[in-house]
Amino acid sequence: TAAVMAAFFVVSAGRKPVEANWPAPALVPAVALLASMDLTPNVVRWLRAGWWLAGALSLAVYVQSLVPVLPTEARRDPVGRAYGWTQVARRTRLTQQAVTAVSGKRTWIAADRYQDASELAFYDDDQPTTFALNLSSRGNQYDMWPRFPDVARPGENLVVLLDELPSTQTHHTASVLSTYFDATTKGELLELRRGSGVVGRRRVWVFQGWRGTWPASER
């Protein structure tokens, strides 16, 4: 059971990125298997080797979280995902405030993915209501909470943080939302940085004058 679950994620990792915690269910039967084994000298040697390996890997993760010592590009470093969000959240909030001041209407904040939405809410000092629209990503916990069409009123605005795409492409979420608002503005390009390395790029999009309707599948 443990081997099948672990192998599934090993194969999946060869096709697209997976998170390190996804194979965790494999640990449950693995622990039961280990507990049932006779602690022969060979087993003890393997256990001790595993302890040393686990300690070395854990230490490497902690060091990497403080100082990027591993030869990994910033954008491919999972630890790097935690960097740069303070500035991005601040710039997004400033855009929200500017749009509200000009339009005189309430302006909400959102991202397409739950990862970005949670980062925006956490790193903003006021921790404002932030939506995950999920128009281009899978459903998640945010779908169980009040969404933009549940709380917003017609005429209000929405500031959305989206992945930056090549200049010849328009983000799917931006294309969809533009039909539900009176005006769409491609705003500031923001970079998520760890030191001199760029972890990722996000674009702020401004949608003004909500028309009161929403994609049926997203209600």
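This is a predicted model: local features need pLDDT of at least 70, side-chain atom pairs count only at pLDDT 80 or more; totals for chains, interfaces and linings use all residues.
Local features need pLDDT of at least 70 and side-chain atom pairs count only at pLDDT 80 or more, whereas totals for chains, interfaces and linings use all residues. Residues are numbered from 1 along each chain as its sequence is written, and side-chain values use heavy atoms, without hydrogens and water.

The largest pocket has a volume of about 1300 Å³. A pocket is an open set of points on a 1 Å grid over the protein atoms alone, where a 1.4 Å probe fits, with protein on both sides within 12 Å along at least five of seven lines; lining residues have an atom within 4 Å of a point. Volume is the space filled by probe spheres set on the points. The lining has 27 residues, and Pro 17, Glu 19, Arg 75, Arg 81 and Gln 115 are the closest to the centre. By class, 14 are charged (Asp, Glu, Lys, Arg), nine nonpolar (Ala, Val, Leu, Ile, Met, Phe, Trp, Tyr, Cys, Pro) and four polar (the others, Gly among them).

The second largest pocket has a volume of about 150 Å³. Its lining is seven nonpolar residues, with no polar and no charged ones. Helix 3 (residues 41-66) gives the largest share, five residues. Helices are DSSP runs (H or I, at least four residues), numbered from the N terminus.

The axes of helix 4 (residues 85-103) and helix 5 (residues 114-123) come within 8 Å and cross at roughly 85°. Axes are lines fitted to C-alpha atoms over the stretch in contact, and angles run from 0 to 180 degrees between N-to-C directions. Helix 4 is therefore roughly perpendicular (65 to 115 degrees) to helix 5.

Conventions. Helices (H or I, at least four residues) and strands (E, at least two) are DSSP runs, numbered from the N terminus. Angles under 35 degrees count as roughly parallel, over 145 as roughly antiparallel, 65 to 115 as roughly perpendicular and the rest as oblique.
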